[in-house]
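Subject: Structure handover

Hello,

Here is the structure I said I would pass on. My notes follow below it.

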Amino acid sequence: MEKERQIKLLSIIALVVAITGMTLGFAAFSTTLNISSSATVTPNSEDFK
């Protein structure tokens, strides 16, 4: 009975650690991802094919 309780506790701890890690990873990824919609296009008629 004690062995089963230890396995359940370890599973819960592993789930909490995994969720925390994914949350921190997503937060770090979303702060470093910057999307800007400004682009400058200067067409050159000599290079156009």
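Which residue forms a salt bridge with Glu4, and how far apart are the closest N and O atoms? The partner is Lys8, and the distance between the closest N and O atoms is 3.7 Å. Please keep in mind that this is a predicted model, and that the values here are computed from it.

The pair sits within one element: Glu4 and Lys8 are both part of helix H1, with a spacing of four residues, or about one turn of the helix. In general, side chains of opposite charge can pair when their charged atoms come close. Glu4 counts as partly exposed because its relative accessible area is 46%, which falls between the 20% and 50% cut-offs. A search of the whole structure gives one salt bridge. As for the charges of the chain, there are 4 positive and 4 negative side chains. The centres of these two sets are 18 Å apart.

The overall layout is as follows. The chain contains one helix and zero strands. Helix H1 covers residues 2-32. Taken along the principal axes, the box filled by the C-alpha atoms is roughly 80 × 20 × 10 Å. The chain has 49 residues, and 0% of them count as buried. Its accessible surface is about 5200 Å², with 66% of that belonging to carbon and sulfur atoms.

Two further items concern helix H1.

- Nonpolar patch: Leu9, Ile13 and Val17 make a nonpolar surface patch of about 290 Å². Leu9, which is found in helix H1, has a relative accessibility of 53% and therefore counts as exposed, the cut-off being over 50%.
- Ser11: this residue also lies in helix H1. A polar atom of the Ser11 side chain is 2.8 Å from the backbone oxygen of Ile7. With a relative accessibility of 39%, Ser11 counts as partly exposed.

What about the part of the chain after the helix? Val41 is located in the segment after H1. Val41 counts as exposed because its relative accessibility is 71%, where over 50% is required. Along the chain, Val41 and Phe26 are 15 residues apart, and their C-alpha atoms are separated by 33 Å.

To recap the opening point, the salt bridge found by the search joins Lys8 and Glu4, and both residues lie in helix H1.

Regards

Conventions:
Residues are numbered from 1 along each chain as its sequence is written. This is a predicted model: local features need pLDDT of at least 70, side-chain atom pairs count only at pLDDT 80 or more; totals for chains, interfaces and linings use all residues. Side-chain values use heavy atoms; hydrogens and water are left out. Patches are made of residues with over 30% relative accessible area and no salt bridge: like charges are joined within 9 Å, nonpolar side chains (Val, Leu, Ile, Met, Phe, Trp, Tyr) within 5 Å. Accessible areas come from the Shrake-Rupley method with a 1.4 Å probe; for residues, only the protein chains shown count as cover. A salt bridge is a side-chain nitrogen of Lys or Arg within 4 Å of a carboxyl oxygen of Asp or Glu. Helices (H or I, at least four residues) and strands (E, at least two) are DSSP runs, numbered from the N terminus. Buried means under 20% relative accessible area, exposed over 50%, partly exposed in between (1.4 Å probe, protein chains only). A polar contact is a pair of N or O atoms within 3.5 Å; within protein, one must be able to donate a hydrogen and the other to accept it, and residues adjacent in sequence count only if both atoms are side-chain atoms. Lys and Arg count as positive and Asp and Glu as negative; His and the chain ends are not counted. The place of a charge is taken as NZ of Lys, CZ of Arg, CG of Asp or CD of Glu.
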